[in-house]
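Hi,

Here is the structure I promised to pass on.

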Amino acid sequence: EHPGRQRSPRGFTDGISLKLTGIGEGSAVPQVSLFVDTGGISQPSLFPPENQVYLEQAKERICNAINAAANDENITACLPESLLGYFDPLGRGLRDGEWIEFDPGNVQRPARLDRSTRRKLIFASSQTQELTEEIGLRGSVPEADQERMTFTLQMLSGPRVNAPIVSQHQDAIIQAFNGYRKGTRILIQGVGRYNRSNRLQKIDEIEHVSILDPLDVSARLEEFRSLRDGWLDSKGRAPRKDGLDWLADAFDRHYPEDLPLPYLYPTGEGGIQAEWTLGEHEISLEVNLEAKRAEWQDLNMTTDEEQDKDLNLTEAGDWNWMVEQIRTLAEEGGA
């Protein structure tokens, strides 16, 4: 409303705060209220001052911008380009299938921020060429420079990216570097910077580094992403990438860390086979990535007894059944 001003008036936000006033039922629904300090008492005002009115209008314009991104409308008609970069740290930890609704009471236009709308909002500004996202990268360390405190991560998907060595993670990185030829791999969690083509440019921040188990499920599944149709004697079907992502996430959610990890193999039909050896038992789990189902087979090598079961891997109960079977057999076999 005041295009000639270079800055907001002095004290524009004094005495104004956002406070969490409750958590609604269902998915996590924080109820956030705008409070104005009136006479030393912070409370909702019956007669809002001018700056509060502007903040209420700002909330509406932010919701309108998110809705514009969700509906392929003109985003800059709601917010100027110079402000769209502020969406970068907001929601960068969202995964596929997750979102935040800023106006959930509006069924038709709930201002839903997900990975897609966030990306549209940020890149609607011609001034923005990169965005940041939370990352979980698996790979090896072929190079490390302790003088410059940098290292190179060779990602399982192929590309290399440089990253800083932070003092608290130095021992793990050097361990991975020394074990490079033995196949030692690490998991890096932090913040990465991506360009408009969604290619990782660099790692901005490293929050955690861990040495991976040689049988790490997510790392092994990521290796299978490089397979192409015909990989097995010119006949094998490559597993679908979205199916591999789903299975990695399902194992992460449902399979406890204290249980023995399986050996994983791709199947010629485009699926995944997991195998465990637990005492006298040979267990196989053949996963159909498209149907999200699996065939469980438990063979007792001493008695030749077999147990077969069809599992629906979208059901937590079936995962719980499988976990209890593996836990019981692992305890019996001393694994």
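Predicted model: local features only at pLDDT ≥ 70, side-chain atom pairs only at ≥ 80, totals over all residues.

Salt bridges first. Side chains of opposite charge can pair when their charged atoms come close. The structure holds 24 such bridges, and here are a few to click on. D204 pairs with R193, with 2.6 Å between the closest N and O atoms. That pair ties together distant parts of the chain, since D204 sits in strand β10 (residues 200-211) and R193 in strand β9 (residues 186-195), 11 residues apart. Both ends are partly exposed: D204 has a relative accessibility of 30%, and R193 comes in at 23%.

R225 and D245 make another salt bridge, and their closest N and O atoms are 2.8 Å apart. This one also links distant parts of the chain, 20 residues apart: R225 is in the loop between α5 (217-223) and α6 (241-254), while D245 belongs to helix α6. R225 is partly exposed at 26%, and so is D245 at 43%.

For D145 and R148, the closest N and O atoms are 4.0 Å apart. Here D145 is partly exposed at 27% relative accessibility, whereas R148 is exposed at 68%. There is also a salt-bridge network that takes in D88, D96, R115, R118 and E133.

On to the surface. A patch of negative charge brings together E269, E286, E295, D304, E305, E306 and D308. One of these, E286, lies in strand β13 (residues 281-288) and is partly exposed, with a relative accessible area of 37%. Elsewhere in your viewer, look for a nonpolar surface patch of about 450 Å², formed by L18, L20, I23 and V32. Strand β1 (residues 16-24) contributes the most to it, with three residues. L20 is in that strand, and it counts as exposed because its relative accessibility is 59%, past the 50% cut-off.

Now the buried pair. Strand β13 also holds L285, which is buried at 0% relative accessible area. Beyond its sequence neighbours up to four places away, L285 touches I272, Q273, A274, W276, A294, E295, W296, L311 and M322. Its C-alpha is 9.5 Å from that of L264, which is 21 residues away in sequence.

S125 sits in the loop between α3 (115-123) and β6 (130-145), yet it is buried, at 1% relative accessibility.

Cheers

Note on methods
Residues numbered from 1 in each chain as written. Heavy atoms only, no water. Patch = residues over 30% accessible without salt bridge, like charges linked within 9 Å, V, L, I, M, F, W, Y side chains within 5 Å. Areas by Shrake-Rupley, 256 points an atom, 1.4 Å probe, with all protein chains shown as cover. Salt bridge = Lys/Arg side-chain N within 4 Å of Asp/Glu carboxyl O. Lys, Arg positive; Asp, Glu negative; His and termini not counted. Charge placed at Lys NZ, Arg CZ, Asp CG, Glu CD. Helix = DSSP H or I, 4+ residues; strand = E, 2+ residues; numbered from the N terminus. Buried < 20%, exposed > 50% of the residue type's maximum accessible area, 1.4 Å probe, protein only. Contact = heavy atoms within 4.5 Å.
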